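The stops below are given in the order to select them.

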Amino acid sequence: MKGFNALALCFIYSCGVLAQQAAADSAPTPELSESVTQLDKHPEDKPLEKAENIDLDKPIEKLPEPAVENPVPSSDDTDSVQQTDEQVQDSDDDYDDGVPFVLLGKEVPPRTATRMSWTPSQSFEGIAGSTPVLVVNGARQGPVLCLTAAIHGDELNGIEIVRRVMYDIEPEKLTGTVIGVPIVNLQGFRRNSRYLTDRRDLNRFFPGNPDGSLASRIAYSFFSEIIDNCSYLVDLHTGSFHRTNLPQIRADLLNSSVVELSQGFGSTAVLHSGGAKGTLRYAANMHGIPTVTLEAGEPMRLQDKEVAHGVKAIQTLMNKLNMLKKARFWGKPEPVFYESTWVRADYGGILFSQVFLGKRVNEGEVLGTVTDPITNKRHEVQSPAKGRVLGMALNQVVMPGFAAFRIGIEREEDEVIGPAVEDPDNLDSSGIDRSSTGDVAASDPDYEPETAE
Ligand SMILES: [Zn+2]
């Protein structure tokens, strides 16, 4: 791997020298040193390696080459990002012909689908491994939609959702650009684990810190190299720890651009949630990139129904954003806004649910029972409100206080929504300051976030 990187670097270096020489040869009068300075100021003059146009749907025999060290200094990265943003903004009312899209030091021409790879720049031998990044750059200029999955390595439905969405896009018919990262946390995915190898939850470290912990550096690398390029972001998750979620959008409904985004997913429940600090969603929204989470199903499984819903929801969004013309029809077109409450078991024992995901329940309705296997005492878990089952635990042994059912309480669209509160899931850790690096929470061995996101 090292040898390869060295080779790649040599290649880039010599390319850079050749480009500089070529530019110096063609420059009318200035001396070489001046022309080099000028080139540094205008990195767009340097030809970037063009990404290969491939059929994403076609299986590959050989993995893409690891992301090479970007030959352009970081300040230049910002320039190229800004350039992309401007292109996106320009396109809002006028869809020009497509423009090249620059990502990870490569240029993706219009009408091109390609497979790149992102390697955290702070990687070391033990975790060296490149994460595939799929890019489809459309025939016309438009927004950059980003899809990320498996930030929690055991959440598999999103991986399949991204795969199906990306492989179904025809670059000729696309307006704008779609970036899909099917497996952000490759370390966790390989071990069937939610966490990074050091048991840190990557989704508590965004936007990351180049000088922070390993998780924080990985988060920083991902955020600056990929997420910074997005106009919109949909982060895909499932329930966590033997819980399952009705396909739903988690969105901060106090943020108007997020509200608009959340309404694009067809007949998908929308749950108002500010999002915990350190999550990719929170960080990206703070960064001005409208972001929502799409939750679907449970971890460790691939569920066809949930995957199909997710694919349809994202294709509907692309249609809504005028990126694709493919029409998708839903039975109920309008999303519904929810507040939610977690119902916890007051007694330990064996939990058996009596409801199913999506079921509408009344106040006082029995959601499930918890039976003590020793004493045979049985307790009912009742819904505290009229609402809908948006999330629930699978049948299992539970301890007192276990969050077993998430009940969504319907609200009219014009009803005032209260200030964004932390997900009830996060109450267990809300006293811990996870600003900047999140090291405090993550270094606590007992830290076991209940949140799905
Ligand atoms: Zn998750």
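This is a predicted model. Begin just after helix α9, at N322, which takes a positive phi of about 60 degrees.

Now step back and select α9 itself, residues 304–320. Its end C-alpha atoms are 24 Å apart, which agrees with the 24 Å that 17 residues should span at 1.5 Å a residue. Colour the buried positions of α9: E306, V307, H309, G310, K312, A313, I314, Q315, T316, L317 and M318.

What covers these buried residues? Show strands β6 (140–149), β8 (232–237), β9 (243–251) and β11 (291–297), together with helix α4 (157–168); the cover of α9 includes each of them.

Select α4 next. Nine of its 12 residues are buried, so the helix is largely enclosed by the rest of the structure. The buried ones are N157, G158, I159, E160, I161, V162, R163, V165 and M166. They pack against α9, and also against β5 (131–137), β6, β7 (175–181), β8 and β11.

The last stop is the largest nonpolar core, with 97 residues. The residues with the most contacts inside this core are V133, V135, C146, L147, A149, I179 and A404. Domain 2 (51–320) and domain 3 (340–421) each supply at least three residues to the core.

Leaving out residues up to four places away in sequence, V133 touches L104, M116, S117, W118, I179, V181 and I226.

Methods:
Residues numbered from 1 in each chain as written. Predicted model: local features only at pLDDT ≥ 70, side-chain atom pairs only at ≥ 80, totals over all residues. Helix = DSSP H or I, 4+ residues; strand = E, 2+ residues; numbered from the N terminus. Expected span 1.5 Å × (residues − 1). Buried ≥ 20, exposed ≤ 12 C-beta atoms within 10 Å, placed from the backbone. Contact = placed C-beta atoms within 7 Å. Core = buried A, V, L, I, M, F, W, Y, C linked by C-beta atoms within 7 Å. Domains from an automatic or database assignment.
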